[in-house]
Amino acid sequence: MTGLFKPCCIALSVLLLGCSEGYPGEDAPLISPFDMGNEQRLLALNEIGADAHPERRWRFELMHGCRLEVGHKRGNSRQLKQVFELRRGMDVDVAFDEPDQTFDVHLLASAAADAPRLGTLLESEAWTDAVQADLLLQLLIRDCGVGTSAPAG
């Protein structure tokens, strides 16, 4: 029995070593969105926006202080852009769009229950992407303008 055991162990160890090919030896440390700067949050939002929906692409850019430019492209159509002046007190909301079967992330004028929607920031087929974008956007709003020389208002 030991004669059969040894070749099996060698074959198994070779197989397991082959499974690690292509993977880094160490995992990259995960960074909490709370510990990110707004530039890192924008990078994360752009990663989500590129893959959130197979037929739609979303792009985010922070310009001139607290102006968030959101680009949206469906298929081969030209990109539509909206610009939102981010202010403290604004809120972000995730809602399921039944007809479209997407989780939509909306910018709200405030955190009040009857606050008007200012625009759609993302449409995603995955709830997890929408919720992650929600958190990133909330933190972007919270920290927008902090540590910059952009004039208020």
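Modeller: Let's begin with a word we'll need throughout: contact means heavy atoms within 4.5 Å. Keep in mind that this is a predicted model, where local features need pLDDT of at least 70, side-chain atom pairs count only at pLDDT 80 or more, and totals for chains, interfaces and linings use all residues. Residues are numbered from 1 along each chain as its sequence is written, and side-chain values use heavy atoms, with hydrogens and water left out.

First, the overall layout. The protein has 3 helices and 6 strands, in the order α-α-β-β-β-β-β-β-α from the N terminus on. Helices here are DSSP runs of H or I with at least four residues, strands are runs of E with at least two, and both are numbered from the N terminus.

Now start with Ala-133, which sits in helix α3. Ala-133 is buried, at a relative accessible area of 1% (buried means under 20%, exposed over 50%, partly exposed in between, using a 1.4 Å probe and protein chains only). Skip its neighbours within four places in sequence, and Ala-133 is in contact with Leu-45, Ile-48, Val-105 and Leu-122. Leu-42 is 91 residues away from Ala-133 in sequence, yet their C-alpha atoms are 9.8 Å apart in space.

That brings us to the helix pair. Two packed helices are described by the angle between their axes and the distance between the axes. Here, the axes of α2 (residues 38-51) and α3 (residues 127-143) come within 10 Å and cross at roughly 155 degrees. That makes α2 roughly antiparallel to α3. On the scale used, angles under 35 degrees are roughly parallel, over 145 roughly antiparallel, 65 to 115 roughly perpendicular, and the rest oblique. The axes are lines fitted to C-alpha atoms, for helices over the stretch in contact, with angles from 0 to 180 degrees between N-to-C directions.

Who meets whom? From α2 come Asn-38, Arg-41, Leu-42, Ala-44, Leu-45 and Ile-48, while the α3 side includes Asp-129, Gln-132, Ala-133, Leu-136 and Leu-137. The residues of this contact divide into 9 nonpolar, 2 polar and 4 charged. In that count, Ala, Val, Leu, Ile, Met, Phe, Trp, Tyr, Cys and Pro are nonpolar, Asp, Glu, Lys and Arg are charged, and the others, Gly among them, are polar.

Some of those charged residues pair up. A salt bridge is a side-chain nitrogen of Lys or Arg within 4 Å of a carboxyl oxygen of Asp or Glu, and the structure holds 8 of them. Arg-41 makes one with Asp-143, with the closest N and O atoms 2.9 Å apart. Arg-41 lies in α2 and Asp-143 in α3, so the pair ties together parts that are 102 residues apart in sequence. Arg-41 is buried, with a relative accessible area of 0%. Asp-143 also has a salt bridge with Arg-142, where the closest N and O atoms are 2.7 Å apart. Arg-142 is partly exposed, at 35%.

Arg-56 is buried at 5%, and Glu-123 is buried at 9%. Both belong to a network of salt bridges that links Arg-56, Arg-74, Asp-100 and Glu-123.
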